[in-house]
Each structure stands twice: as structure tokens, then as C-alpha cells.
Amino acid sequence: MEKKIPRHSAFEEALRQLDRRACSERELREKLFRFDYPAAEIAAALAECRKRHFIDDREFAEAFSDELYRAGNGPRMIKMKLARRGIGNEEIQQTLAGSDDREIDSCRQAASAKWRSLSRESDPRKKREKLFRFLAARGFSAAAAQQTIAEIREKDAINCKVDTL
């Protein structure tokens, strides 16, 4: 099987890829590599993209982590997804530094939606365990999950008292 001869320069293809979706430098390098561009041309295209600020792993990590927090993911899940996208450990640590408040807010959001779906569960212990497993699978720390579950239980207890009055 013959290799495909690229129709565009590596830089033009990089712009086409970035127009479709923001990506990290590693992702863009891999995409250009799949198009069979020479390594030197890929390196030149990536350098030009960096020079023009079309790719910046730090900005990408910030935007992507914001999106994942809004979707109800915790820091462990975000760290894993950023690493998969080619973001280095240093950028990940900087991006997630001081995000404790965001973690709690995101955890509350995810937990309140799941809590409603668990309304048919009659055993309160099982209900808490299912919620805890759900939050852990979403990448939240045990402390954040326990704090959020305690807050939800308090709200539920207050709502039950109000309903009986």
C-alpha cells in the first residue's frame, strides 16, 4: 500500500485540525504524523503554531478543566483526562492547584442530580453508598464526597421535618 501524499503543508493541516477542535501540542503532533508529514515539517508547523499562540498547553488545560468541572467531574478524573490529551504533569498540577472550592461545588452539583435519581432506594445506607461510589468514580476525593453527602443528608432531614409540620 502506498503512502498518501499530503495535499497541504503541515502548517495548513494543523490549522484545519485546530479549526475543528482545540487540542494539545501532543495531540496535534500525532494528527500530523498520521497524515505522513515528515518530522521536520511537523516540528516547523508546531513551532509556527506556538509562535502565533495557536497552541498553548497551559491555556488548553485551563479551558478543558473548566469544561470538565462544569460537567461534574472531580480533580482525579480531570487529571487523568488531561494526561490522556498530552498535558504534562507540571501543567496539570498548576491547573488544578487551589481548586478545592471548585471541587466541592462540582461535587455538590453531581451529587444533587444523582441523589434525585436514587429516590427509589429505601435503605438510606445503600443510598449513601451508591452516591459515594458514584462520586468516587467521577474523580472526587473521599473528603469532598463525604462532606457533600453530609450536606445532602442535612438538607433531606430538614425537608422531612418541614413536610411533617
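## Basis

The model is predicted: local features need pLDDT of at least 70, side-chain atom pairs count only at pLDDT 80 or more, and totals for chains, interfaces and linings use all residues. Residues are numbered from 1 along each chain as its sequence is written, and side-chain values use heavy atoms, with hydrogens and water left out.

## Helix α8

Helix α8 covers residues 124–137. Helices are DSSP runs (H or I, at least four residues), numbered from the N terminus. At 1.5 Å a residue, its 14 residues should span 20 Å, and the end C-alpha atoms are 20 Å apart, which agrees. The expected span is 1.5 Å times one less than the number of residues.

Lys127, Leu131 and Leu135 are the buried residues of α8. Buried means under 20% relative accessible area (1.4 Å probe, protein chains only). Down the axis of α8, the buried residues fall within an arc of 65°, so they line one face of the helix. The arc is that of the directions from the helix axis to the C-beta atoms. Aspartate 123 caps the N-terminal end of α8, with a side-chain oxygen 3.2 Å from the backbone nitrogen of arginine 125.

## Glycine 139

Glycine 139 follows α8 and has a positive phi, near 100°. It sits in the loop between α8 and α9 (142–164). At a relative accessible area of 4%, glycine 139 is buried.

Setting aside residues up to four places away in sequence, glycine 139 touches Gly74, Pro75, Arg76 and Met77. Contact means heavy atoms within 4.5 Å. Alanine 83 is 56 residues from glycine 139 along the chain, and their C-alpha atoms are separated by 14 Å.

## Threonine 95

Threonine 95 belongs to helix α6 (residues 89–96). Its relative accessibility is 8%, so threonine 95 counts as buried.

Beyond four places in sequence, threonine 95 touches Arg58, Ala61, Glu62 and Ser65.

## Contact of α4 with α7

Ser65, Asp66, Tyr69 and Arg70 in α4 meet Arg102, Glu103, Ser106 and Gln109 in α7. By class, this contact has 1 nonpolar, 3 polar and 4 charged residues. Ala, Val, Leu, Ile, Met, Phe, Trp, Tyr, Cys and Pro count as nonpolar, Asp, Glu, Lys and Arg as charged, and the others, Gly among them, as polar.

Terms used
Helix = DSSP H or I, 4+ residues; strand = E, 2+ residues; numbered from the N terminus. Buried < 20%, exposed > 50% of the residue type's maximum accessible area, 1.4 Å probe, protein only. Polar contact = N/O pair within 3.5 Å; in protein donor to acceptor, adjacent residues only side chain to side chain.
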